[in-house]
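Hi,

Here is the structure I promised to pass on.

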Amino acid sequence: MISKAMAQRLNGQVNKEFYSAYFYMSMSAHSESENLKGIAAWFMAKYDEEMAHAMKIYRYLHDQGARVELDAVDKPPTTFAGVLDMFEKTLDHEREVTASFNELVDAALDERDHATNIFLQWFVTEQIEEEATVSDIIGRVKLVGERGEGLFMIDNELAGVAKQMSTTAAAQA
Ligand SMILES: [Fe+2]
Ligand SMILES: [Fe+2]
């Protein structure tokens with residue numbers, strides 16, 4: 001059993017994870033219409049990951065006898081200046097999510113809610129990886145540029161990464 005206040009905070013995080021999924025799907029759609037199939041696949045793999053995050057919290061709320069209350073998901077941006085813009089927006093967004101998990105951990109510690117604190121550790125660790133991955137991609141895009149051959153290279157590389165992400169996700173399911 002967790003407190004009402006904690007359940008409310010976790011419900012808020014479910015919504016944020018759904019927004020993340022929606023946001024990445026929007027960038028996947030944009031990439032696909034720009035013929036960037038690899039980048040589109042990468043963002044779609046991110047979409048799957050974010051949906052899985054939402055469901056992880058959804059499950060936890062039920063397991064703790066709390067109510068899941070779904071809220072409206074905000075409209076994500078639909079136009080982007082380019083590939084670098086999309087990855088920079090992704091990094092900004094992931095940093096906000098990291099801050100949000102840090103606040104959740106603070107609240108769990110304040111309440112001496114050990115179960116929720118332990119549950120949240122997985123997300124805290126996951127956020128380190130997410131920020132690092134996106135920073136790395138931004139660095140590579142800056143290195144090779146966002147047009148012509150450089151862009152083609154990044155698109156191919158991310159197609160491979162997306163395939164790996166899907167295989168890992170399938171193995172964990
Ligand atoms: Fe997430
Ligand atoms: Fe994320």
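**What I found**

Read along the sequence, the chain goes α-α-α-α-α. That is five helices and zero strands (DSSP runs, H or I of at least four residues for helices and E of at least two for strands, numbered from the N terminus).

Two notes on the basis: this is a predicted model, where local features need pLDDT of at least 70, side-chain atom pairs count only at pLDDT 80 or more, and totals for chains, interfaces and linings use all residues. Residues are numbered from 1 along each chain as its sequence is written, chains are lettered from A and ligands numbered from 1 in the order in which they are written, and side-chain values use heavy atoms, leaving out hydrogens and water.

Now the metal. The iron ion (ligand 2) is held by E50 (OE), E94 (OE), E94 (OE) and E130 (OE) at 2.0 to 2.6 Å; donors are N, O and S atoms within 2.8 Å of the metal (3.2 Å for Na, K and Ca), and sites may look incomplete because water is not among the atoms. E50 also coordinates the iron ion (ligand 1), 3.4 Å from the iron ion (ligand 2). The pair links distant parts of the chain: E94 sits in helix 3 (residues 83-110) and E130 in helix 4 (residues 114-144), 36 residues apart. Both E94 and E130 are buried (under 20% relative accessible area; exposed is over 50%, partly exposed in between, with a 1.4 Å probe and protein chains only). Across the chain, 45% of the 173 residues count as buried.

Cheers
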